[in-house]
Amino acid sequence: MSRDEKELLYAESHEWVDVSDVDGAKIATIGISAFAIEQLNDLVYMDMPQTGRILGAGEEFGEVESVKAVSPLYSPVSGEIVEVHSELADSLDQLKENPYDFGWIMKVKLNDESSLDSLLDYAAYKQQCSEAG
Amino acid sequence: MAIDQAILESEYPGPTLRFYGWSAPTLSLGYFQKLADRERHKESAELTLVRRSTGGGAIVHDRELTYSVVLPCQSQRELFQSASNLGAILELYESVHQSVIDTLGEFGVHATLHKDSLASENSNILLSEPEPFLCFQRRSEWDLTVSGYKVVGSAQRRVRGKILQHGSLLLGASCFAPQLPGVSEFDRVQLATEKMAPEKVAAHLMKKLGTKLGVHWSAETLSSEEQELSKVIRKSRFADPTWTARH
């Protein structure tokens with residue numbers, strides 16, 4: 001099943017969030033938006049986070065390198081990393097083709113759902129991107 | 001390296017430009033380069049090694065002028081909007097490298113951005129797969145070349161609200177990387193090495209970059225916070241073998 005980008009939430013720093021209920025817990029699947037990947041066009045390296053780590057909303061969880069710049073990735077939500085997409089770092093060329101399905105980076109079990117309140121819906125995020133472009 | 005990082009991570013004092021040299025020839029790896037790839041470059045095998053916090057390829061720091069510049073961005077969003085790019089801020093590359101071009105022009109050296117020389121010059125380096133180990137054997141459109149040879153290698157790191165760009169201007173070839181000529185060694189240039197003393201080049205570059213960025217630089221020493229933080233960063237990162245071996 002493919003994710004619909006219009007149904008996702010977004011951070012200003014361009015991570016997307018897909019929240020689902022799993023056994024009574026809220027699990028956020030997180031990746032980088034298609035717009036961001038387009039801008040990062042020659043993304044060459046990604047440092048992946050570790051399962052089990054507790055993240056606060058806005059906390060750095062990884063790093064990417066593009067055009068010789070190393071940039072941080074920020075967690076849009078607060079919670080524990082329960083799963084990491086281990087194949088992604090070696091398959092970054094596939095990110096562009098499939099940012100919302102193959103391109104997921106990690107799954108976070110939310111410990112504070114209020115962190116979702118500051119995220120943007122698709123329309124607001126598109127507005128941000130158009131202002132940036 | 002630790003001082004550059006400390007300036008980046010300390011409370012922001014305003015745009016900061018720093019020039020420095022190296023007490024001994026040193027090989028620096030790009031942040032994501034594999035430690036084992038060092039074996040691909042035999043000439044620098046004996047050199048002290050450090051891993052940078054910035055991306056790109058390895059650099060033999062020897063006969064060069066090293067610069068670093070730290071600039072502000074108030075928020076991730078503003079950083080993005082000012083750059084229209086999530087990776088490098090290409091405008092900063094262009095500002096610094098154009099200032100270096102203007103500086104080298106003062107010494108009679110004709111340098112160009114690689115993107116401007118692609119159609120007119122032959123590259124003297126054979127680009128190949130995998131990507132070359134040394135930064136100066138790689139090419140991107142904002143790189144600066146003289147006679148087809150790359151003479152400035154720059155790389156960036158972002159943190160929240162700020163960006164560090166540092167880089168090396170090759171003034172002369174190192175015996176630890178003899179395949180890479182410096183700007184004082186091109187036949188067409190015919191200039192005396194002493195004319196290109198690092199201090200002189202730095203003075204010109206400071207002036208030209210200040211004009212380009214709209215910044216009036218004033219000489220300052222490191223703050224006590226920057227000094228203390230640089231010691232911590234040096235110990236916990238750049239001098240720590242686990243940092244050097246992280247990839």
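The following dialogue goes through some assignments in a predicted model.

Tutor: Residues are numbered from 1 along each chain as its sequence is written, and chains are lettered from A and ligands numbered from 1 in the order in which they are written. In this predicted model, local features need pLDDT of at least 70 and side-chain atom pairs count only at pLDDT 80 or more, while totals for chains, interfaces and linings use all residues.

Student: Why is B:Glu94 called partly exposed?

Tutor: A residue is buried if 20 or more other C-beta atoms, placed from the backbone, lie within 10 Å of its own, exposed if 12 or fewer, and partly exposed in between. B:Glu94 has 15 C-beta neighbours inside 10 Å, so B:Glu94 counts as partly exposed. B:Glu94 belongs to helix 3 (residues 90–106) of chain B; helices (H or I, at least four residues) and strands (E, at least two) are DSSP runs, numbered from the N terminus.

Student: What makes strand 3 and strand 9 of chain A a pair?

Tutor: Two strands pair if DSSP finds at least two bridges between them. Strand 3 (residues 25–32) and strand 9 (residues 104–110) of chain A have five bridges, in the antiparallel sense. In one of these, A:Thr29 has A:Lys107 as its bridge partner.

Student: What makes strand 3 and strand 4 of chain B edge strands?

Tutor: The open sheet of chain B has the strand order 3-2-4, with mixed pairing. Strand 3 (48–51) and strand 4 (59–61) of chain B each have a single partner strand, so one side of each is left without a neighbour in the sheet.

Student: Which sense of pairing joins strand 2 and strand 3 of chain B?

Tutor: Parallel, over four bridges. B:Ser28 stands opposite B:Val50 in strand 3 of chain B.
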